[in-house]
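Dear colleague,

I am passing on the structure below for you to look over. My notes on what was found in it follow directly after.

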Amino acid sequence: MDIMDQQLAQAMLAEVEQTQQRSGRFLGYWRQGRIIQMWGLVWMAAHLATFFLPARSGSIWLVCDAVGFAATIWLRLRSRDAASSKHTDRRLLCAALILLLFGMLASLLIGPHGRAIEVLWTCMAMTGYMLYGLWAGLRWTVLGAAVMAASLAAYFCLGPWYDLAMAAAAGGGLLLGGTWIRNAR
């Protein structure tokens with residue numbers, strides 16, 4: 001085989017590898033987009049219920065988060081196959097657990113300040129999305145930054161309309177963002 005054939009073969013192999021990586025990223029976007037959409041619905045329901053029943057905010061969020069986590073586990077198990085399970089990076093799970101523990105500690109230190117705690121958890125979840133974007137693709141980072149910015153704007157600017165704004169901004173943002181991620185091309 002001459003040098004031209006070797007160079008052509010190397011270029012073709014590099015192109016195949018690049019195509020495989022892009023396909024894997026887009027498949028991941030499609031699978032994980034459903035989970036983001038589901039969390040958008042959960043957050044939308046929780047914020048709307050909190051707006052109408054503010055005295056029950058803690059119970060509402062506890063139930064909604066429990067439903068969200070159960071649905072996440074169900075969706076992950078349902079979409080898991082041999083190819084996706086061997087590509088799971090355990091460091092991402094550890095990073096999520098670290099963020100969760102940090103959020104719990106910060107919540108204890110801040111005390112019972114309803115909206116401040118909600119915004120803290122929203123910002124932490126979106127920070128996780130933005131960090132995940134460093135591995136999985138820019139769309140995660142853009143989604144996290146957009147929802148975080150909308151959440152902070154609702155917290156600082158919308159006072160009594162905060163929960164309605166958050167239903168649209170955070171819940172709706174995740175619902176639309178999940179659709180955007182699922183339809184990545």
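Throughout, a residue is called buried under 20% relative accessible area, exposed over 50% and partly exposed in between, with a 1.4 Å probe and protein chains only. This is a predicted model, in which local features need pLDDT of at least 70 and side-chain atom pairs count only at pLDDT 80 or more, while totals for chains, interfaces and linings use all residues. Residues are numbered from 1 along each chain as its sequence is written, and side-chain values use heavy atoms, with hydrogens and water left out.

Ser107 lies in helix H4, residues 90-110, where helices (H or I, at least four residues) are DSSP runs numbered from the N terminus. With a relative accessible area of 18%, Ser107 is buried, and beyond four places in sequence its contacts (heavy atoms within 4.5 Å) are Ile117, Leu120 and Trp121.

Residues up to four places away in sequence aside, Trp43 touches Trp61, Thr122, Ala125, Met126, Val147, Ala170, Gly171 and Leu174.

Apart from neighbours within four places in sequence, Thr122 is in contact with Trp43, Val147, Ser151 and Met166.

Helix H6 has 20 residues and reaches 28 Å from its first C-alpha to its last, close to the expected 28 Å, the expected span being 1.5 Å times one less than the number of residues. Its buried residues are Trp140, Leu143, Gly144, Val147, Met148, Ser151 and Ala154; these cover an arc of only 125° around the axis, so they sit on the same side of H6, the arc being that of the directions from the helix axis to the C-beta atoms. The face turned away from this buried side carries the exposed residues Leu138, Phe156 and Cys157. Just after H6, Gly159 takes a positive phi of about 35°.

Finally, the structure holds 0 disulfides, a disulfide being a pair of cysteine sulfur atoms within 2.5 Å. Cys64 counts as buried at 14% relative accessibility, whereas Cys94, at 44%, counts as partly exposed.

How values were computed
Helices (H or I, at least four residues) and strands (E, at least two) are DSSP runs, numbered from the N terminus.
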